Amino acid sequence: MNLINRLLAGTMAVGALTALSPVTVSAQTAEVLHYWTSGGEARAVGALREEFEAAGGTWVDAPVAGGGGDAQATVLRSRVLAGDPPTAVQIKGPNIHDWADEGALANLDEVAEAEGWDDVLPPLLRDIVTFDGEYVAVPVNIHRVNWLWINPELLAEVDAEPPTTWDEFNATADALLEAGITPVAHGGQPWQDATIFETVVLGLGGPDFYREALVELDADALSGETMIAVFEQMRRIRGYVDPNFPGREWNLATGMVMNGEAAMQIMGDWAKGEFAASDLEGGMDYLCVPTPGTSGFILNSDSFAFFEVEGDDRIAGQRLLASLILGESFQETFNLFKGSIPARTDLPRDAFDVCAVRSMEDLDQAVADDSLVPSMAHEIAIGRSVRGAFLDVVTQHFNSDMSAEEAVELLLEEVELAM
Ligand code: GAL
């Protein structure tokens, strides 16, 4: 048992989890820890706050700046270790099961029953938010990671079409460089490097290879020829970013595509939330296409979990917040702002734009042809320590002259150490 688990076992009364029943009481307070601080993200979380306050709740905002969530995860761990967990937290993937395994999360079964979650959630999300058959979190969306966002005017300057293979991508990027245009807008942060990395893994290796390497952590997949080709492609992409990429926040890179400072960005569809916040229309003001070579779907999904807390008002606040998140109107409003598609699959599609509808259609197709894969970069595929090994090696390679062969050797070593 690691340090956190040992300390938690001491501080957490392991007894029966408090079941959150959907009854309402006077005071309903929720301190909400999240990292949605960019334009689109803030609009989306603002919609949740508005709905919560309209229903009588008192929202205490606890934002942690820094896209991707690594900074927020550090704050969460320190808060829990200090015995002062937030009322609600934006969380996802195996992290939900880790906290549930410590007995730290409230049981949401009564709210789930009252709101009919079983009838509207796809099995892939239900698996993420239930632990030992009990609901311990509630999903708010489905994000797709493997998107390429394109400024159509800059692409037209080199008479190029949206690339569908990495060879076409490289040829287009070379032509853009030749024309004095920055091909790729990027923020040099480990999670952003890993976001590009996993789209290349899927694009060059396909969904089976993706699962072998990033989910099963198969040694041959991690160190073989295909992974060498992935790092060689990462080296090409490194040559297409501008000199000021280190440390840039992801949404500022999206802004570069919007403002014509760069032609393309490889990023999940939270980037669409930034375009939407600037009233830009998908398919017109910008293009959204799957990253080269990927017909599949790299899934990321955000959820909210509710820690065991003291105080009737906070427990009532948890019940209220949990009961709102899968509501039909909220699911539409939130996901239009966030750039994601709804977690509930029974909503009409007419309010959603061409990119969101493409995401819904490609998700259905990916489920049908088994090309739906969980995001490693966004903490759906694997736990934090092994994910950390991937991020370390991918970022080291991206920011050095390390060869692809050296990178795969280091990757195998680091992943095996972290397992
Ligand atoms: C992801 C998160 C998204 C988005 C992105 C950038 O990990 O799931 O909702 O916010 O980070 O911050």
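1. The structure holds 17 salt bridges (a side-chain nitrogen of Lys or Arg within 4 Å of a carboxyl oxygen of Asp or Glu). This is a predicted model, in which local features need pLDDT of at least 70 and side-chain atom pairs count only at pLDDT 80 or more, while totals for chains, interfaces and linings use all residues. Residues are numbered from 1 along each chain as its sequence is written, and side-chain values use heavy atoms, with hydrogens and water left out.

2. One of the salt bridges pairs Asp302 with Lys92, with 4.0 Å between the closest N and O atoms. The two residues are 210 residues apart and link distant parts of the chain. Asp302 lies in the loop between strand 11 (297-300) and strand 12 (303-305), and Lys92 in the loop between strand 3 (88-91) and helix 4 (94-101). Helices (H or I, at least four residues) and strands (E, at least two) are DSSP runs, numbered from the N terminus. Asp302 has 3% relative accessibility and counts as buried; Lys92 is buried too, at 4%. Buried means under 20% relative accessible area, exposed over 50%, and partly exposed in between (1.4 Å probe, protein chains only).

3. Asp118 and Arg126 also form a salt bridge, at 3.9 Å from N to O. Here Asp118 is partly exposed, with 46% relative accessibility, and Arg126 is partly exposed at 27%.

4. In the salt bridge between Arg344 and Asp346, the closest N and O atoms are 2.7 Å apart. Arg344 is buried, with a relative accessible area of 10%, whereas Asp346 is partly exposed at 40%.

5. Helix packing comes next. Helix 3 (residues 70-81) packs with helix 18 at an angle of about 145°, their axes being 14 Å apart. Axes are lines fitted to C-alpha atoms, for helices over the stretch in contact, and angles run from 0 to 180 degrees between N-to-C directions. The crossing of helix 3 past helix 18 is left-handed; a crossing is left-handed if the near helix is turned anticlockwise from the far one by less than a right angle, and right-handed if clockwise. Asp70, Ala73 and Arg77 of helix 3 meet Arg384, Arg387 and Leu391 of helix 18 in this contact (heavy atoms within 4.5 Å). By class, the contact has two nonpolar, no polar and four charged residues. Ala, Val, Leu, Ile, Met, Phe, Trp, Tyr, Cys and Pro count as nonpolar, Asp, Glu, Lys and Arg as charged, and the others, Gly among them, as polar.

6. Helix 10 (residues 190-215) and helix 18 (residues 384-398) pack at about 110°, with 9 Å between their axes. Helix 10 is therefore roughly perpendicular to helix 18. Angles under 35 degrees count as roughly parallel, over 145 as roughly antiparallel, 65 to 115 as roughly perpendicular and the rest as oblique. The crossing is right-handed. Helix 10 contributes Pro190, Trp191, Asp193, Ala194, Phe197, Ala213 and Leu214, and helix 18 contributes Arg387, Phe390, Leu391, Val394, Thr395 and Phe398. The contact of helix 10 with helix 18 has 10 nonpolar, one polar and two charged residues.

7. Helix 12 (residues 225-238) crosses helix 18 at roughly 50°, and the axes come within 9 Å. Helix 12 and helix 18 are therefore oblique to each other, and the crossing is right-handed. The contact involves Phe231, Met234, Arg235, Ile237 and Arg238 of helix 12, with Val393, Val394, His397 and Phe398 of helix 18. Its residues divide into six nonpolar, one polar and two charged.

8. Thr199 is in helix 10 and is buried, at 0% relative accessibility. Leaving aside residues up to four places away in sequence, Thr199 touches Val145, Asn146, Trp166, Ile266, Thr291, Thr294 and Ile298.

9. Two residues call for a look at the backbone. Leu217, a residue other than glycine, has a positive phi near 55°. Leu217 is in the loop between helix 10 and helix 11 (219-223) and is buried, at 13% relative accessibility. Asp279 is not a glycine either, yet its phi is positive, at about 60°. Asp279 lies in the loop between helix 14 (271-277) and strand 10 (287-290) and is exposed, with a relative accessible area of 69%.
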